[in-house]
Amino acid sequence: MSLHALLDAKTLIPTLGLLGIFLVIFAESGLFFGFFLPGDSLLFTAGLFAASGQLNIFILIAGSFIAAVLGDSVGYTFGHKIGRNLFLRKESFWFRRKHLEKAENFYQRRGKSTIIIARFVPIIRTFAPIVAGVGQMTYKTFLSYNIIGGLLWTITLCSLGYFLGRTVPNIDHYLLPIIIVIIVVSFIPAVVTYIKERNQK
């Protein structure tokens, strides 16, 4: 799927439907090759579609939440089973060790709260649960933070899209600029962290 298709929500969401949205959220949350998927913008845009009556907002939030939690759990299990051998895995088109290392550094600095914070940071959210599994965090602890993070992420983005869709006339005309802003804003935490790391060297 091309970048243009990913950003063209008017085409993407009607094509995917609710089940497709849930599958994308699941893949981005827990499968290491899902880091390129547009989780933030997809949830926001799905909220807009719900505002117009094309999707049920309650089913959207509930299903996305479950998919996000299950995806993270799969990522955790993968990291827990594979362990440190994952860092020795050969680089490929689908796997970039640098993403895993960034998530590990993020995890070491933020601790358990990383599981919540990472939900709002692209790429990091894909690898954070894997790193938690590698780091031997107990599943009970992981699941608690996983549920909180997944709930905050899905409710925030879906509700934001739904609210704007209900209150701003013709907001669909500005969809592409809004999605671009969401993508840029979601990368701010990672950029700030990178700048701090460079200043500390």
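Glutamate 28 and arginine 125 form a salt bridge, with 3.0 Å between the closest N and O atoms. Glutamate 28 belongs to helix 2 (residues 9-30) and arginine 125 to helix 7 (residues 124-134), so this contact ties together parts that are 97 residues apart in sequence. Both glutamate 28 and arginine 125 are buried. The model is predicted, and the values below are computed from it.

**Salt bridges**

The count of salt bridges comes to three. Arginine 125 also meets the side chain of aspartate 40 in a salt bridge, at 3.2 Å from N to O. Because aspartate 40 sits in helix 3 (residues 39-51) and arginine 125 in helix 7, the pair ties together parts 85 residues apart in sequence. Aspartate 40 has a relative accessible area of 7% and is buried; arginine 125, at 2%, counts as buried too.

Another salt bridge joins the side chains of arginine 119 and aspartate 72, again at 3.2 Å from N to O. Arginine 119 lies in the loop between helix 6 (114-117) and helix 7, while aspartate 72 lies in helix 4 (residues 57-82), so the parts tied together are 47 residues apart in sequence. Arginine 119 counts as buried at 1% relative accessibility, and aspartate 72 counts as buried at 2%. Through shared partners, salt bridges join Glu28, Asp40 and Arg125 into one network.

| Salt bridge | N to O distance |
|---|---|
| Glutamate 28 – arginine 125 | 3.0 Å |
| Aspartate 40 – arginine 125 | 3.2 Å |
| Arginine 119 – aspartate 72 | 3.2 Å |

**Aromatic pairs**

Searching the whole structure gives three aromatic pairs. In one of them, tyrosine 76 and tyrosine 139 have ring centres 5.4 Å apart and planes at 55 degrees, so the pair is tilted. Tyrosine 76 is in helix 4 and tyrosine 139 in helix 8 (residues 139-167), and the pair links distant parts of the chain, 63 residues apart. Tyrosine 76 counts as buried, at 5% relative accessibility, whereas tyrosine 139 is partly exposed, with a relative accessible area of 36%.

Tyrosine 139 also pairs with phenylalanine 142: the ring centres are 6.1 Å apart and the planes stand at 35 degrees, so this pair is tilted. Tyrosine 139 and phenylalanine 142 both lie in helix 8, three residues apart, which is about one turn of the helix. Phenylalanine 142 is buried, its relative accessible area being 0%. Ring pairs link Tyr76, Tyr139 and Phe142 into a cluster.

Technical notes
Residues numbered from 1 in each chain as written. Predicted model: local features only at pLDDT ≥ 70, side-chain atom pairs only at ≥ 80, totals over all residues. Heavy atoms only, no water. Salt bridge = Lys/Arg side-chain N within 4 Å of Asp/Glu carboxyl O. Helix = DSSP H or I, 4+ residues; strand = E, 2+ residues; numbered from the N terminus. Buried < 20%, exposed > 50% of the residue type's maximum accessible area, 1.4 Å probe, protein only. Phe/Tyr/Trp six-rings, centres within 6.5 Å; stacked < 30°, edge-to-face > 60°.
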